[in-house]
Amino acid sequence: MNDIKYNPEFNPSGVGQSNGNFIGLPFNEGTANIILLPVPWDVTVSYGEGTALAPESVLNASVQLDLEDFDIAEAWKAGIFMKEIDKNILDKRDVLRPKARTLIKFLERGGDIDKDLSVKAIRDEINIECDRINTWVYNETRKFLDEGKIVGIVGGDHSVPLGCIKALYNKFESFGILQIDAHMDMRVSYEGFQFSHASIFHNVLKECPGTKLVQVGVRDYCKEELKRFQAEGDRISVFFDQELKEKKFEGCAWSELCSEIVDRLPQKVYVSLDADGLDPGLCPNTGTPVPGGLEFYEVVYLIKRVVESGREIIGFDVCETGKEEWDSNVGARLIYKLCNLTGRSQRLI
């Protein structure tokens with residue numbers, strides 16, 4: 001990790017600076033230890049769209065955050081920098097998203113992609129471009145990992161962390177993924193899209209065989225995904241939201257449930273946080289909201305327990321927060337907390 005260098009005149013109690021960096025922090029790509037990589041992409045979303053605009057909205061909302069962390073004194077000194085949003089990705093998204101809408105409506109009317117050449121061409125084009133996004137994320141992540149930095153992905157829909165997870169797999173070969181999500185995301189090429197937001201963990205399990213998946217908050221899934229979970233044995237642990245809620249109703253403390261969750265994780269952990277895993281009141285404009293979910297400080301406490309157990313967080317993503325101000329406010333705070341706890345787990349602070 002880099003020795004932290006920043007402007008000594010920076011006032012952590014001062015007015016948030018609109019300097020283009022996350023929370024207006026005084027770091028750049030060279031001096032930061034934690035790099036936030038924005039990926040403005042939501043081409044394959046199956047319901048609400050607009051999460052491609054979340055990275056910019058999160059960045060804008062972050063300026064009004066205060067820097068003190070209840071758990072970690074001067075946590076900001078870990079050094080956080082958010083890369084500039086790649087407008088080329090957003091422009092490509094703007095071209096492809098209307099085409100994806102056409103394909104999805106075609107399927108909802110009972111159409112068969114393989115029997116319509118024009119729709120098949122749309123599917124193939126989107127699959128190619130999504131693969132290019134995965135490669136870009138992989139290459140960016142690999143570059144920063146080679147520099148000894150930590151990478152956090154800011155989505156975008158939940159398809160975008162695949163390249164980051166693959167880069168981490170190539171470095172570590174074996175680690176656990178703590179997935180906070182309303183969905184299992186294990187469908188195979190959902191709606192014809194090989195790299196659908198609903199297929200992210202099908203792709204991870206296939207391409208990164210040394211990973212273990214622990215899902216928390218799941219409450220919307222199909223029979224295909226349930227069979228996959230049951231067939232994988234100990235490789236996948238699912239803590240269904242209804243099950244967690246019923247245990248709490250019967251007197252079980254959240255601390256006990258978190259202990260059970262953390263016990264399923266290996267030493268190295270990647271955190272994947274889909275905003276629809278939260279109570280929808282926190283991010284109402286997420287792409288696929290579902291009643292139920294975790295409260296803000298339930299998520300924070302769970303991740304704290306991961307760190308307090310001595311496990312190391314090696315990377316993370318926060319996806320599908322929505323583009324509206326309230327969603328972005330919540331998203332920025334979750335990202336900051338994840339940065340701080342990741343930094344603590346790697347003894348940066």
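**Helix packing, cavities and backbone features of a predicted model**

Helix α4 passes α5 in a right-handed crossing, where right-handed means that the near helix is turned clockwise from the far one by less than a right angle, and left-handed anticlockwise. The structure is a predicted model, in which local features need pLDDT of at least 70 and side-chain atom pairs count only at pLDDT 80 or more, while totals for chains, interfaces and linings use all residues. Residues are numbered from 1 along each chain as its sequence is written, and side-chain values use heavy atoms, with hydrogens and water left out.

Two packed helices are described by the angle between their axes and the distance between the axes. The angle between α4 (162-172) and α5 (residues 200-207) is about 20°, and their axes lie 10 Å apart. Axes are lines fitted to C-alpha atoms, for helices over the stretch in contact, and angles run from 0 to 180 degrees between N-to-C directions. This angle makes α4 roughly parallel to α5 (under 35 degrees is roughly parallel, over 145 roughly antiparallel, 65 to 115 roughly perpendicular, and the rest oblique). Helices (H or I, at least four residues) and strands (E, at least two) are DSSP runs, numbered from the N terminus. On the α4 side, the contact is made by L162, I165, K166 and Y169, and on the α5 side by I200, F201, N203, V204 and E207; contact means heavy atoms within 4.5 Å. By class, the contact of α4 with α5 comprises six nonpolar residues, one polar and two charged. Here Ala, Val, Leu, Ile, Met, Phe, Trp, Tyr, Cys and Pro count as nonpolar, Asp, Glu, Lys and Arg as charged, and the others, Gly among them, as polar.

Helix α9 takes part in two further pairings. With α8 (residues 254-263), α9 packs at an angle of about 50°, the axes being 10 Å apart; the two helices are therefore oblique to each other. The crossing of α8 and α9 is right-handed. Residues W254, S255, C258, S259, I261 and V262 of α8 make this contact with E298, Y301, L302, R305 and V306 of α9. Seven of the residues in the contact of α8 with α9 are nonpolar, two polar and two charged.

The axes of α9 and α10 come within 10 Å and cross at roughly 10°, which makes α9 roughly parallel to α10. This crossing of α9 and α10 is also right-handed. From α9, the residues F296, V299, V300, I303, K304 and V307 meet V330, R333, L334, K337, L338, L341, R344 and S345 of α10. The contact of α9 with α10 has nine nonpolar residues, one polar and four charged.

Three cavities of 30 Å³ or more are present in the structure. On a 1 Å grid over the protein atoms alone, a cavity is a set of points where a 1.4 Å probe fits but cannot get out, whereas a pocket is an open set with protein on both sides within 12 Å along at least five of seven lines; lining residues have an atom within 4 Å of a point. Grid points are joined across faces, edges and corners, and a volume is the space filled by probe spheres set on the points. The volume of the largest cavity is about 40 Å³. Its lining consists of L273, V299, V300, I303, L334, K337, L338 and L341. Two or more of these residues come from each of α9 (296-308) and α10 (325-345), and α10 supplies the largest share, four residues. The lining of the largest cavity has seven nonpolar residues, no polar residues and one charged residue.

The largest pocket holds about 310 Å³ of space. Among the 15 residues that line this pocket, E68, D69, F70, Y297 and K337 are the closest to its centre. Helices α9 and α10 are the elements that give two or more residues to the pocket lining, with the most, five residues, coming from α9. The lining of the largest pocket divides into seven nonpolar, one polar and seven charged residues.

Two backbone features were also noted. Most residues other than glycine have a negative phi, and most peptide bonds are trans. The peptide bond from G155 to G156 is cis, with omega near 20°; G156 is placed in the loop between β3 (150-155) and α4. I23, a residue other than glycine, has a positive phi, near 55°, and is found in the segment before β1 (34-39).
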